[in-house]
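Biologist: I would like to go through the aromatic contacts and the surface of this model. Please start with the terms.

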Amino acid sequence: IFMKFVVYILSPLLALILLLVKIPIFDDWAKKINPNAEYYISRFLILGTLYNYYLTVFSPYRMLEKLAKRKWIVLAERVAMLNSDYNGKFDFSCNIMIPRRRFFYRIEPTSNGSNKQRLTIWGDVFKVIWKSENAHFPQDLKITINQGVCGQAFRDASATNPQNVKGAVLTPEKLKNYNFNFTKKQLELTANLRIVASCPLVINEKGIKNEKNKVIGVLNIECIIEGSEKLIEDHASRKDFYVKLAKLSNLYLNLHV
């Protein structure tokens with residue numbers, strides 16, 4: 001109600017007074033009432049304009065700025081809420097990765113499943129910028145945008161929604177269904193995971209001529225608990241799980257500065 005007053009009443013009122021001041025008849029009438037009317041009206045307009053700016057621009061911005069500073073706390077709380085949605089039985093861990101340009105590195109295999117790493121002149125390698133306290137992401141695990149579920153989600157992204165989430169069951173009998181382009185060492189470092197799901201983080205960039213979507217990273221959910229496979233394998237469970245993951249990803253984007 002208060003914001004409606006500011007938008008629909010206060011702002012037009014200030015504009016109307018400003019217009020009236022420009023009319024000679026109104027100016028003469030105001031001066032007859034009080035010789036200092038022009039001073040008082042100008043003062044009212046200045047204070048009213050500043051107050052209107054504070055309510056409509058500065059105050060909401062400050063609120064969003066405070067939320068942005070707390071974004072990692074907010075995300076951790078939402079991951080905890082996600083766990084509680086499943087009665088805590090899956091103990092999900094979460095991380096956010098963004099690509100960083102690298103030169104002359106050896107991460108990708110020379111062939112599928114090989115432990116030999118080919119030399120790459122330049123490319124994008126994921127960097128973990130945040131992870132939940134219980135994260136299962138090994139410190140020495142490096143992944144490029146051409147590898148894993150996260151790489152597929154990043155490359156194929158068009159929006160941050162459930163339809164763009166990529167998931168996989170990582171049990172030994174299911175691994176053959178996927179081509180992660182991992183080395184044997186990378187497979188060993190992720191061997192304890194039962195499932196992983198990645199949601200792309202897509203923002204809308206406004207250019208001079210047009211708007212375009214830009215993928216800035218991925219948000220990953222992982223689980224090592226037996227039985228979590230059904231969240232990917234069962235259609236209804238997967239649909240609900242991906243919706244929750246997309247909401248968590250959109251929360252980060254809303255707090256992203």
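Modeller: Buried means under 20% relative accessible area, exposed over 50%, and partly exposed in between, with a 1.4 Å probe and protein chains only. Y242, with a relative accessible area of 10%, is therefore buried. The model is predicted, so local features need pLDDT of at least 70 and side-chain atom pairs pLDDT 80 or more, while totals for chains, interfaces and linings use all residues. Residues are numbered from 1 along each chain as its sequence is written, and side-chain values use heavy atoms, without hydrogens and water.

Biologist: How many aromatic pairs does a search of the whole structure find?

Modeller: Rings of Phe, Tyr and Trp (its six-membered ring) pair if their centres lie within 6.5 Å; planes under 30 degrees apart are stacked, over 60 edge-to-face, the rest tilted. The search finds 11 aromatic pairs. Y86 and F241 are edge-to-face, because their centres are 6.4 Å apart and their planes at 80 degrees.

Biologist: Which parts of the chain does that pair link?

Modeller: Helices (H or I, at least four residues) and strands (E, at least two) are DSSP runs, numbered from the N terminus. Y86 is in the loop between helix 4 (71-85) and strand 1 (93-109), and F241 is in helix 8 (residues 235-255), 155 residues apart. F241 is buried at 1% relative accessibility, and Y86 is buried at 13%.

Biologist: Is F104 buried or exposed?

Modeller: F104, in strand 1, is exposed, with a relative accessible area of 58%.
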